[in-house]
Amino acid sequence: MPKQGGKFVLSSAEESRLQQLIRAQSTPQGLAQRARVVQLATQGMGVRAIGGRVGMHYNQVAKWRRRYLRGGIGALQDEPRPGRKGNISTELLRQIVDQATRPPQGRVRWTCRAMAREFGVSKATVQRVWSQNEIKPHLTRVFKLSSDPDFEAKFWDVIGLYLNPPEQAVVLCCDEKSQIQALQRSQPGLPLGKGHIRTQTHDYYRNGTVTLFAALDYLEGKVIAHTAQKHTHRQWLEFLKQIDREIPLSQRIHIILDNYSTHKHPVVKRWLARHPRFELHFTPTGSSWMNLVERFFRDLSQQAILPGSFGSVRQLVDAIMEYLAQHNLNPKRYVWKAKGEEILAKIERAWKVALGEDKNITII
């Protein structure tokens with residue numbers, strides 16, 4: 001940006017960029033002030049006049065004019081400052097990292113304050129070291145690795161239905177949500193309102209349980225449901241008969257389900273033999289996460305069951321059925337998007353860790 005007649009001569013791009021910095025609400029106040037200094041300098045104003053206009057000492061105005069002439073808009077940014085040098089040795093930092101995964105005797109894990117006392121540093125120092133090394137002793141992830149010898153075959157059988165559903169057929173994700181409790185809070189709580197959250201008592205009365213049989217249509221998102229007091233092969237067979245009545249005879253029925261013994265009862269098998277349009281696809285043992293109806297059960301619990309207070313099982317069933325009716329009016333699909341190869345790779349790595357074959361991870 002050449003200087004002519006005591007004025008800066010800016011290109012249209014530079015002028016546009018300065019205007020953006022001055023007008024944008026996200027621009028830091030100091031940076032916008034410096035951009036204003038440069039803008040006024042292009043109009044031929046002196047450093048004292050500019051300082052009076054923007055509220056800056058004229059020596060600072062001269063400084064930012066020079067910085068802009070040398071480096072352009074980028075030179076208006078604050079330069080990084082070195083800050084105070086750390087007084088913690090590298091060896092001490094290494095010990096904090098190493099010991100974070102080795103809780104002291106009698107404890108399940110370290111806390112920031114306990115480790116800070118142990119090593120004579122501040123709590124903030126321990127937090128910073130843990131954060132930099134992605135150490136999170138307070139968090140736990142729940143998992144279970146399937147030991148099913150036919151895991152991969154069952155895995156691809158189920159995933160294949162999600163990724164490539166068969167034509168002229170319906171894919172149903174089926175399971176039972178058993179022992180749903182009709183819990184009644186001991187006192188009425190306050191409803192959600194402006195300025196305060198909803199409340200409920202910590203104690204409750206148990207008014208019985210019910211089992212929900214559900215079949216989630218993978219392609220449409222609708223749910224076929226049935227409730228029962230018991231959870232045996234008889235109730236499961238009744239539910240299969242309900243599915244048979246509600247699904248058009250022209251369609252085959254593929255059912256994804258777990259290995260619960262009720263699903264394999266001899267009476268159920270005989271009935272299925274007489275109804276060949278049913279085809280069962282069992283998830284691997286300990287792999288209920290593959291069944292998308294579990295995702296629906298979570299939404300049901302959070303939106304219809306857990307927030308409620310039910311004086312009887314009948315009230316609980318009515319609440320469940322009302323939620324299902326509203327869901328089926330405007331169903332939302334749960335679509336499987338994860339790639340099977342990536343899932344198997346993660347499971348293989350998890351087994352290596354569990355068996356101690358991964359030398360990069362220490363099992364405590």
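Some ground rules first. The model is predicted, so local features need pLDDT of at least 70 and side-chain atom pairs count only at pLDDT 80 or more, while totals for chains, interfaces and linings use all residues. Residues are numbered from 1 along each chain as its sequence is written, and side-chain values use heavy atoms, with hydrogens and water left out.

Let's start with the strands. Helices (H or I, at least four residues) and strands (E, at least two) are DSSP runs, numbered from the N terminus. Two strands pair if DSSP finds at least two bridges between them. Buried means under 20% relative accessible area, exposed means over 50%, and partly exposed is in between, with a 1.4 Å probe and protein chains only.

Take strand 3, residues 169-185. Of its 17 residues, 12 are buried, so strand 3 is largely enclosed by the rest of the structure. Which strands does it pair with? One is strand 6, residues 252-257, running parallel over 5 bridges. There, Val170 stands opposite Ile253. The other is strand 4, running antiparallel over 11 bridges. There, Cys173 stands opposite Leu216.

Strand 4 also pairs with strand 5, antiparallel, over 6 bridges. Thr211 has Ala228 of strand 5 as its bridge partner. Strand 5 is mostly covered, with 5 of its 6 residues buried. The hairpin of strand 4 and strand 5 has 5 residues between the strands, and Gly221 takes a positive phi near 85 degrees.

Now the rings. A pair of aromatic rings is described by the distance of the centres and the angle of the planes. Here, rings of Phe, Tyr and Trp (its six-membered ring) pair if their centres lie within 6.5 Å; planes under 30 degrees apart count as stacked, over 60 as edge-to-face, and the rest as tilted. How many aromatic pairs does the whole structure hold? The search finds 9.

One is Tyr162 with Tyr218: the centres are 4.9 Å apart and the planes at 40 degrees, so this pair is tilted. The two are 56 residues apart, with Tyr162 in helix 8 (residues 151-163) and Tyr218 in the loop between strand 4 and strand 5. Are they buried or exposed? Tyr162 is buried at 3% relative accessible area. Tyr218 is buried too, at 3%.

Phe296 and Phe297 form another tilted pair, 6.3 Å centre to centre, with 50 degrees between the planes. Phe296 is buried at 0%, and Phe297 is buried at 3%. Phe151, Phe155 and Trp156 form one aromatic cluster.

The test is NZ of Lys or CZ of Arg within 6 Å of the ring centre and within 35 degrees of the ring normal. Arg48 lies over the face of Tyr58, 3.9 Å from the ring centre. Lys264 has its charged end over the ring of Phe282, 4.8 Å from the centre.

Last, the second largest pocket. It holds about 550 Å³ of space. Its lining has 18 residues, and the closest to the centre are Trp289, Ile343, Leu344, Lys346 and Ile347. Which element gives the most to the lining? Helix 13, residues 340-354, with 8 residues.

For the terms: on a 1 Å grid over the protein atoms alone, a pocket is an open set of points where a 1.4 Å probe fits, with protein on both sides within 12 Å along at least five of seven lines; lining residues have an atom within 4 Å of a point. Grid points are joined across faces, edges and corners, and a volume is the space filled by probe spheres set on the points.
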